[in-house]
Amino acid sequence: DGNAIMWKRFPQLIADNFPDRQPHELRVFVPLCGKAKDMYLLYKMGFTVTGVEFVSQPIAEFFAENSITTQNTPMTKTDKQYTASEDGRMIIGQGDLFTFTPENLPHAEYDIIWDRGSLEALNLADREKYANLLVSMLKSDGVYLIDSKDYDVTQYGGPPLKANADDIQKLVGDRCSVQEVSRKDLLSPDNPSREKWMKKGITNYMFEILHLVKKL
């Protein structure tokens with residue numbers, strides 16, 4: 001069903017930020033995408049979606065599991081090769097994310113960036129470089145959505161690595177606004193992941209947070 005916390009707010013976020021534009025007019029970028037169901041849902045809604053994934057297997061599985069027919073001839077741009085749907089609206093490139101640039105991406109800029117766990121998966125030393133890359137891909141009126149976890153690091157060191165609003169503000173606050181738009185308590189008694197996190201030693205607090213980042 002895709003990422004629940006994102007999809008709960010996504011329709012309103014799109015209506016608020018792109019009131020005069022339809023999905024087929026908007027481009028979405030998904031870093032470290034794996035075979036995330038969100039990409040398929042966005043594609044079915046009419047968005048043009050570009051993902052980047054380091055490993056080839058999830059890319060092949062994504063197109064096969066979602067019954068998306070791919071182009072007979074792989075799409076290439078400079079030194080990068082992509083797997084693309086026949087209609088060209090669903091595209092996934094394979095390789096190191098940091099080697100993808102406006103010159104070798106299908107599009108130089110994107111209206112929407114959906115970070116569904118990419119920031120929290122990176123080494124802390126790579127976060128600044130990552131943030132600079134993603135912000136450079138975002139259109140001036142675009143929206144950058146980040147799903148991340150916040151917890152007491154004295155109890156647990158990751159993965160996923162903690163990334164709350166303050167952490168994101170330190171990375172992009174000189175050129176972007178950062179707003180928390182939704183949060184879920186992962187230690188609430190009715191949350192199915194509660195036991196998993198508590199077994200890792202997290203007992204004080206654990207939140208999944210959706211952040212909205214926009215250029216100033």
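Asp111 touches Phe18, Arg21, Glu25, Leu26, Arg27, Leu138, Lys139, Gly142 and Val143, leaving out residues up to four places away in sequence. These contacts come from a predicted model.

Start with the residue itself. Asp111 belongs to strand 6. Is Asp111 buried or exposed? Its relative accessibility is 0%, so Asp111 counts as buried; the cut-off for that class is under 20%. Two of the residues that Asp111 touches also take part in polar contacts with its side chain. One is Arg21: side chain meets side chain at 3.1 Å. The other is Arg27, through its backbone: the nitrogen there lies 2.7 Å from a polar atom of the Asp111 side chain.

Now widen the view to the strand. Strand 6 covers residues 110-115.

Strand 6 has pairing partners. Strand 1, residues 27-30, pairs with strand 6 in the parallel sense. Two bridges join strand 1 and strand 6. In this pairing, Phe29 stands opposite Ile113 of strand 6. Strand 7, residues 138-151, also pairs with strand 6, again in the parallel sense. Here there are five bridges.

How does the chain get from strand 6 to strand 7? Helix 4, residues 127-137, is part of the answer. Strand 6, helix 4 and strand 7 form a β-α-β unit, and the unit is right-handed.

Next, follow the chain beyond strand 1. Lys35 sits in the loop between strand 1 and helix 2, the helix at 37-45. Its relative accessibility is 37%, so Lys35 counts as partly exposed. Which residues does Lys35 touch, not counting those up to four places away in sequence? They are Pro58, Glu61, Phe62 and Glu65. Glu53 gives a further point of reference. Lys35 and Glu53 are 18 residues apart in sequence, yet their C-alpha atoms are 8.6 Å apart in space.

At 12% relative accessibility, Tyr156 counts as buried. The side chain of Tyr156 reaches the backbone oxygen of Pro159 at 2.4 Å. With neighbours within four places in sequence set aside, Tyr156 is in contact with Tyr151, Lys200 and Ile202. Take Lys200. It is 44 residues from Tyr156 along the chain, but the two C-alpha atoms are separated by 6.9 Å.

Finally, step back to the whole chain. It holds six helices and nine strands. The radius of gyration is 17 Å, close to the 17 Å that the globule rule gives for 216 residues, so the chain is as compact as a globular protein of that length. Along the principal axes, the C-alpha atoms fill a box of roughly 50 × 35 × 35 Å. Buried residues account for 50% of the 216. Of the contacts between residues at least 6 apart in sequence, 69% join residues at least 24 apart. The accessible surface is about 10400 Å², and carbon and sulfur atoms supply 48% of that area.

Note on methods: Residues numbered from 1 in each chain as written. Predicted model: local features only at pLDDT ≥ 70, side-chain atom pairs only at ≥ 80, totals over all residues. Heavy atoms only, no water. Buried < 20%, exposed > 50% of the residue type's maximum accessible area, 1.4 Å probe, protein only. Helix = DSSP H or I, 4+ residues; strand = E, 2+ residues; numbered from the N terminus. Pairing = 2+ DSSP bridges. Right-handed = clockwise from strand over helix to strand, strands pointing away. Rg over C-alpha atoms; globule rule 2.2 N^0.38 Å. Contact = heavy atoms within 4.5 Å. Areas by Shrake-Rupley, 256 points an atom, 1.4 Å probe, with all protein chains shown as cover. Polar contact = N/O pair within 3.5 Å; in protein donor to acceptor, adjacent residues only side chain to side chain.
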